[in-house]
Structure formats: structure tokens, C-alpha cells
Amino acid sequence: MRIAGLQKLTLLDFPGKTAATVFTPGCNYRCPFCHNADLVIGAARMPDAVSLDEFFAFLDKRQGLLDGVCVTGGEPLLQPGIENFLLRVRERGFATKLDTNGSFPDRLRDLVQADLVDYVAMDVKNAPQRYAETVGVPGFDLAPVHASIGFLMEERVPFEFRTTVMRELHAADDLRAIACWIEGAPRWFLQNYLDAESVLAGPGRFHAWDVDELEALLPDLRGHVPAVRLRG
């Protein structure tokens with residue numbers, strides 16, 4: 001388990017909790033709109049931000065100040081040793097949140113069944129027919145994503161789906177197709193794209209939706225996912 005970055009305090013990443021966020025290096029996707037390009041393409045040569053010993057020493061000093069730890073990436077389920085990492089966090093009395101792209105359903109299921117995760121946030125990148133384009137992997141196998149969605153919809157752990165929305169990759173019909181795919185989900189957040197220098201494809205390639213247009217689409221989406229909301 002490697003830690004490529006550490007945000008010592010967040011009030012936003014873990015619903016209802018104060019938390020620290022751990023960033024893990026490496027990802028099996030190449031989403032061109034990814035904001036963490038260094039974690040994706042530079043993972044092998046990226047130095048660890050802190051060692052595990054340093055992280056747990058930090059966490060021990062935050063007893064009573066933090067409620068939980070978010071593990072994000074990259075894709076955290078690529079990390080060997082994530083099970084032991086989450087166990088050590090839980091043993092200290094902290095809640096755990098996992099961000100995942102859903103491509104490792106067996107590992108996800110194992111962590112939930114071992115009671116190592118308190119909350120899961122899974123990215124649903126796009127409608128099924130546009131997934132390969134959106135994740136930057138030609139010939140992408142969608143079956144693992146289907147399996148992860150199906151498992152989370154069993155509601156064995158609190159979870160949310162989330163979709164980062166941009167003009168170039170998401171038409172209204174794509175968002176409607178996602179809503180049909182995850183019908184009945186308890187939480188689905190649409191996150192309007194924000195451009196940045198760190199974007200994998202470079203700045204200026206993608207553009208946000210007009211917020212008023214997104215809001216106008218919500219009634220359609222709520223026919224399938226009543227809890228859909230805009231975030232950010």
C-alpha cells in the first residue's frame with residue numbers, strides 16, 4: 001500500500017464526517033479529463049508522500065479530531081495491502097471511505113464483507129455505450145463495472161454513485177442512459193467539470209455544462225434516480 005498524497009483535513013470528501021484523505025498512485029483507466037494525471041501516468045516514479053509508519057503516527061495524533069479516512073486515487077483497489085491498511089485505520093476507531101472506479105468487484109465485495117469499509121463512492125463514468133471512450137481504454141470490458149454496480153445496489157454498505165459531466169463526453173441522452181442503468185440508486189451526484197492544468201488531456205480540451213441546463217435535466221433523471229443531485 002503506497003501513499004502518494006495526503007490531505008490532512010477535509011470536510012467535503014466523507015459525508016457527515018471530518019476526515020483525512022489518502023491518495024494512492026496508479027490507475028487502470030486513462031480518463032482524459034482526470035485531474036490527478038500524475039497519479040495515473042507517473043505512478044511508478046512518484047515518491048511516496050509519507051510512509052505507512054508516518055501516516056499512522058499522524059493518525060494517532062488526530063484521535064478525537066478526525067472521524068474518518070478517505071482512500072482515493074488513482075484506483076485504490078490496485079494497491080496490495082489495502083485490506084491491512086483499512087484494518088489498521090478501523091482498529092484506531094476511525095471510519096473508512098473508499099473511492100473506486102468499480103473495475104474490481106471481487107476486491108470491493110471482499111472489503112465490504114470483511115467490514116473494512118463504511119462508505120463507498122463509485123464513479124459511473126458514462127452511459128455503457130460510451131464507457132470505453134470516456135475511460136480512455138479501447139475495447140474496455142464493462143462487465144466488472146456492471147458487477148460493482150449490482151453489488152452496491154444490494155445496499156450492504158452506504159454508497160453513492162457520481163458522474164463528472166462535460167460537454168464533449170456527456171449528452172443529455174447519455175445522462176438519461178446512466179439513470180436507467182443505476183435506477184433506484186439511493187444517491188447519485190452529478191459533478192460539473194472544472195478545467196485545470198493537471199488534467200490528463202491538458203487544459204482547454206473539455207468544458208462544463210451550463211448549470212441551468214443540468215438543473216433542467218434533473219426532473220427527467222429523477223424518474224429513475226429520485227435522489228440525483230448536483231454537487232459543486
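Trainee: Which residues does threonine 72 touch, not counting residues up to four places away in sequence?

Mentor: Contact means heavy atoms within 4.5 Å. By that rule, threonine 72 touches Thr21, Val22, Phe23, Thr24 and Asp99. Keep in mind that this is a predicted model, where local features need pLDDT of at least 70, side-chain atom pairs count only at pLDDT 80 or more, and totals for chains, interfaces and linings use all residues. Residues are numbered from 1 along each chain as its sequence is written, and side-chain values use heavy atoms, with hydrogens and water left out.

Trainee: Where does threonine 72 lie, and is threonine 72 buried or exposed?

Mentor: Helices (H or I, at least four residues) and strands (E, at least two) are DSSP runs, numbered from the N terminus. Threonine 72 lies in strand β3, residues 68-72. Buried means under 20% relative accessible area, exposed over 50%, and partly exposed in between (1.4 Å probe, protein chains only). With 11% relative accessibility, threonine 72 is buried.

Trainee: With which side chain does the side chain of threonine 72 make a polar contact?

Mentor: A polar contact is a pair of N or O atoms within 3.5 Å; within protein, one must be able to donate a hydrogen and the other to accept it, and residues adjacent in sequence count only if both atoms are side-chain atoms. Here the partner is the side chain of aspartate 99, at 3.0 Å. Asp99 also belongs to a network of salt bridges with Lys97, Asp123, Lys125 and Arg162.

Trainee: How many salt bridges does a search of the whole structure find?

Mentor: A salt bridge is a side-chain nitrogen of Lys or Arg within 4 Å of a carboxyl oxygen of Asp or Glu. The search finds 16. One of them joins glutamate 83 and arginine 107, at 2.7 Å from N to O. Glutamate 83 is in helix α3 (residues 82-91) and arginine 107 in helix α4 (residues 105-113), so this pair ties together parts 24 residues apart in sequence. Glutamate 83 is partly exposed at 33%, and arginine 107 is partly exposed at 22%.

Trainee: How many residues apart are arginine 176 and aspartate 173 in helix α7?

Mentor: They are three residues apart in helix α7 (residues 172-181), a separation of about one helical turn. Aspartate 173 is exposed at 56%, while arginine 176 is partly exposed at 31%.

Trainee: Is arginine 130 buried or exposed?

Mentor: Arginine 130 is buried, at 18%. Its salt-bridge partner is glutamate 133, with the closest N and O atoms 3.1 Å apart. Glutamate 133 is partly exposed, at 43%.
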